[in-house]
Amino acid sequence: MTTTTSLVEDLDRGQLNKDELAAVVARDIPHGSFVNLGIGQPTLVADHLAEDAEVVLHTENGMLNMGPAARPGEEDPDLTNAGKTPVTELPGAAYFHHADSFAMMRGGHLDICVLGAFQVSAAGDLANWHTGAPGAIPAVGGAMDLATGAKKVFVMMNLFAKNGSPKLVPRCTYPLTGLGCVDRVYTEFATFRVGREGVTVLETFGITFDDLAARLDLPLERANGTVA
């Protein structure tokens, strides 16, 4: 589906917290999609999907139609997502072997995956499994399979690292997970479209486009046209 959009600057609030960011991602997932949520922040998206959205959540460890996170006291130790967080099941939920789960991921059956990242480049390259730092523990998991197998890749991350450096960069300096695979980047300050045409700002939260551009070391375009 193609729609017309223009940059939205939401200046009546501050930056998004993790749950507010998850709600923005959930809002942009089309009705009836098959979706995988990566470990970490992306798992929060499950708690913000509308009941009538008919979005089917897939877990890497072998489940379809996962529901929101389990409430305290209602956890089932045998019912978790890939990050070992206790979750719920929705009517029609199904369970299957880990190998079958990866066949779904690699076979192009997922409409969207939502992943975390250490870096995303302007061209949509993804680095999310290793910082390259001495002693850092690599964590590939199924990220490479998801990044190349899903029809669209949304990244959900903080825009700046702890040292203040941008995580949306001209070129990734960390080991890559996938080339040109990311479609959108969701952060606490703004939502971006990335790819061959560069970086387009779709929406900002508590910051103007100009102030955002001043903090990032790459060219930005204002959304003003069609978005697929």
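A salt bridge is a side-chain nitrogen of Lys or Arg within 4 Å of a carboxyl oxygen of Asp or Glu. All views show a predicted model.

**View 1. Salt bridge between Asp-111 and Lys-151**. The two side chains meet at 3.4 Å, N to O. Asp-111 lies in the loop between helix 2 and strand 7, and Lys-151 in the loop between helix 3 and strand 10, so the pair ties together parts that are 40 residues apart in sequence. Asp-111 counts as partly exposed at 22% relative accessibility, whereas Lys-151, with a relative accessible area of 56%, is exposed.

**View 2. The salt-bridge network of Arg-27, Asp-28, Arg-184 and Glu-203**. Arg-27 pairs with Asp-28 at 3.0 Å, N to O, and also with Glu-203, where the closest N and O atoms are 3.1 Å apart. Because Arg-27 lies in helix 1 (residues 18–27) and Glu-203 in strand 14, the latter pair ties together parts that are 176 residues apart in sequence. Glu-203 is buried, with a relative accessible area of 13%, while Arg-27 is partly exposed at 48%.

**View 3. The largest nonpolar core, with 36 residues**. Val-120, Phe-192 and Leu-212 have the most contacts inside this core, to which strand 14 gives the most, with 3 residues. Beyond residues up to four places away in sequence, Leu-212 touches, among others, Leu-159, Phe-189, Val-201 and Leu-220.

**View 4. Ala-94 in strand 6 (residues 87–95)**. Ala-94 and Met-63 are 31 residues apart in sequence and 5.6 Å apart in space, C-alpha to C-alpha. Leaving aside neighbours within four places in sequence, Ala-94 is in contact with Gly-62, Met-63 and Leu-64.

Notes:
Residues are numbered from 1 along each chain as its sequence is written. This is a predicted model: local features need pLDDT of at least 70, side-chain atom pairs count only at pLDDT 80 or more; totals for chains, interfaces and linings use all residues. Side-chain values use heavy atoms; hydrogens and water are left out. A nonpolar core is a set of buried Ala, Val, Leu, Ile, Met, Phe, Trp, Tyr and Cys residues joined through side-chain atoms within 4.5 Å. Buried means under 20% relative accessible area, exposed over 50%, partly exposed in between (1.4 Å probe, protein chains only). Helices (H or I, at least four residues) and strands (E, at least two) are DSSP runs, numbered from the N terminus. Contact means heavy atoms within 4.5 Å.
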